Amino acid sequence: MTVSKGLRKIITVVLRYSPSEKLSNMLLWPVSKRLFGRGYVETVTIKKGLSIKTYGDMEDMVNKLLLFTSAYMPLAWEPGTARLAEMLAPQSQCSVIAGSHIGYYPLILGFGNLSSKIFAFEPNPLNRERCRENVQLNKLSNIEVSECALGNISGEQKMFFDFGQSSFVDSVRPHAGSGIVKVTTLDEFFKYKNTKPDLLVLDAEGYEPQILKGGEKLISENHPDIIFELNPKALEAAGSSSKQLCDSFIQKDYSLYVIDEGRHGILYEPDMKIKLVPYADFDVKNVSFVNIFATIHPEKIQTYVHTA
């Protein structure tokens with residue numbers, strides 16, 4: 001472990017100062033896979049007072065960037081979105097995260113407001129176990145991790161798992177294993193709860209429209225802020241489109257903003273600040289995915305809005 005951690009530190013330094021995207025890709029994928037065994041686990045600090053375990057057997061970008069860049073960059077994964085969530089946390093009394101992975105967004109929101117309630121949905125058994133580990137690591141009692149996926153109807157459904165990632169669409173995860181998972185809806189889950197969410201964070205590999213469909217009553221009555229991933233290919237594979245998804249928000253009088261992540265090649269700018277671009281000013285045709293912030297209270301984020 002000591003040798004591996006020393007190699008990790010070397011890779012971290014190279015990633016920070018190398019201008020080569022090709023070299024960065026090599027270090028993050030084939031080189032790190034060869035150097036770090038599947039049993040490698042390292043706890044990193046994602047911001048002051050908040051830590052997360054990262055794992056050698058997970059081959060997704062979230063895990064990789066947290067492992068290799070957290071040493072010099074707070075909130076190193078999706079820093080624009082993470083900083084927006086951090087800013088919204090003190091105002092939020094109840095949050096939902098669909099696709100909680102190893103706990104990154106639940107931790108940010110739970111730590112950001114200890115009096116709030118966080119419902120973290122993660123149907124992937126491996127991710128869910130590690131999400132719970134990271135919640136326990138930070139002693140955050142306000143986060144509840146659920147085994148269910150969110151969808152448009154309650155029941156059971158086949159899900160595809162791939163090295164820590166998951167999707168209901170097999171073409172999104174073509175080399176995945178699979179399993180049957182429990183599914184609930186936002187409306188069903190919160191039907192008898194006194195607290196209703198004022199913030200939703202959705203990362204569901206193209207399944208976002210189904211989650212919203214299952215929460216129509218809750219959303220129409222409570223108008224929560226919503227952060228969601230816009231992934232054109234995944235949406236099409238799931239039977240929807242970017243236009244259909246965004247139009248559904250606009251029809252409900254939501255204002256939409258693209259969250260600028262400050263990308264520099266495959267990495268991010270270390271000194272990232274919150275920057276929101278009106279959806280109407282942004283061309284999403286040539287991007288693989290972006291995160292969108294939807295709100296019916298645009299006045300509260302005008303400080304961060306940059307027009308084209």
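Predicted model: local features only at pLDDT ≥ 70, side-chain atom pairs only at ≥ 80, totals over all residues.
A salt bridge here is a side-chain nitrogen of Lys or Arg within 4 Å of a carboxyl oxygen of Asp or Glu.

**Salt bridges**

- The structure holds 12 salt bridges.
- In the K33–E59 pair, K33 sits in helix α2 while E59 is in the loop between β2 and α3 (61-69), so the contact ties together parts that are 26 residues apart in sequence.
- K33 is exposed, at 52% relative accessibility, whereas E59 is partly exposed at 22%.
- E221 and K217 also meet through their side chains, at 3.0 Å from N to O.
- That pair belongs to helix α9 (residues 216-222), where being 4 residues apart separates them by about one helical turn.
- Both ends count as exposed: E221 has 52% relative accessibility and K217 has 51%.
- K243 and D247 form another salt bridge, with 2.6 Å between the closest N and O atoms.
- These two are likewise 4 residues apart, this time in helix α11 (residues 242-250), again about one helical turn.
- K243 is exposed, with a relative accessible area of 57%, but D247 is partly exposed at 25%.
- Going back to K33 and E59, salt bridges with shared partners link them and R38 into one network.

**The open sheet**

- Eight strands make up an open sheet with mixed pairing, in the order β5-β4-β3-β10-β11-β16-β12-β15.
- At the edges stand β5 (143-146) and β15 (276-278); each has a single partner strand, so one side of each is left without a neighbour in the sheet.
- From one strand to the next, the twist averages 20°.
- β12 (residues 255-259) pairs with β16 (residues 290-295) in the antiparallel sense over 4 bridges, and L256 has A294 of β16 as its bridge partner.
- β12 also pairs with β15, antiparallel again, over 3 bridges; V258 stands opposite V277 in β15.
- β12 is mostly covered, with 4 of its 5 residues buried.
- Helix α4 (residues 79-88) lies across β10 (199-202), β11 (225-230), β12, β15 and β16, and runs at about 170° to β11.

- I10, V14, L23 and M26 make a nonpolar surface patch of about 310 Å².
- Two helices, α1 (2-17) and α2 (21-35), each supply at least two of its residues.
- V14 is found in α1 and counts as partly exposed at 30% relative accessibility.
- M26 is found in α2 and is partly exposed too, at 41%.
- Setting aside residues up to four places away in sequence, M26 touches V31 and S32.

**Buried spots**

- Helix α5 (residues 104-112) has 7 of its 9 residues buried, so it is largely enclosed by the rest of the structure.
- The buried residues in α5 are Y104, Y105, P106, L107, I108, L109 and G110.
- T54, in strand β2 (residues 50-55), is buried at 0% relative accessibility.
- Leaving out neighbours within four places in sequence, T54 is in contact with Y40, V41, E42, V44, N63, L66 and L67.

Note on methods: Residues numbered from 1 in each chain as written. Heavy atoms only, no water. Pairing = 2+ DSSP bridges. Axes fitted to C-alpha atoms, helices over the stretch in contact; angles between N-to-C directions. Contact = heavy atoms within 4.5 Å. Patch = residues over 30% accessible without salt bridge, like charges linked within 9 Å, V, L, I, M, F, W, Y side chains within 5 Å. Areas by Shrake-Rupley, 256 points an atom, 1.4 Å probe, with all protein chains shown as cover. Buried < 20%, exposed > 50% of the residue type's maximum accessible area, 1.4 Å probe, protein only.
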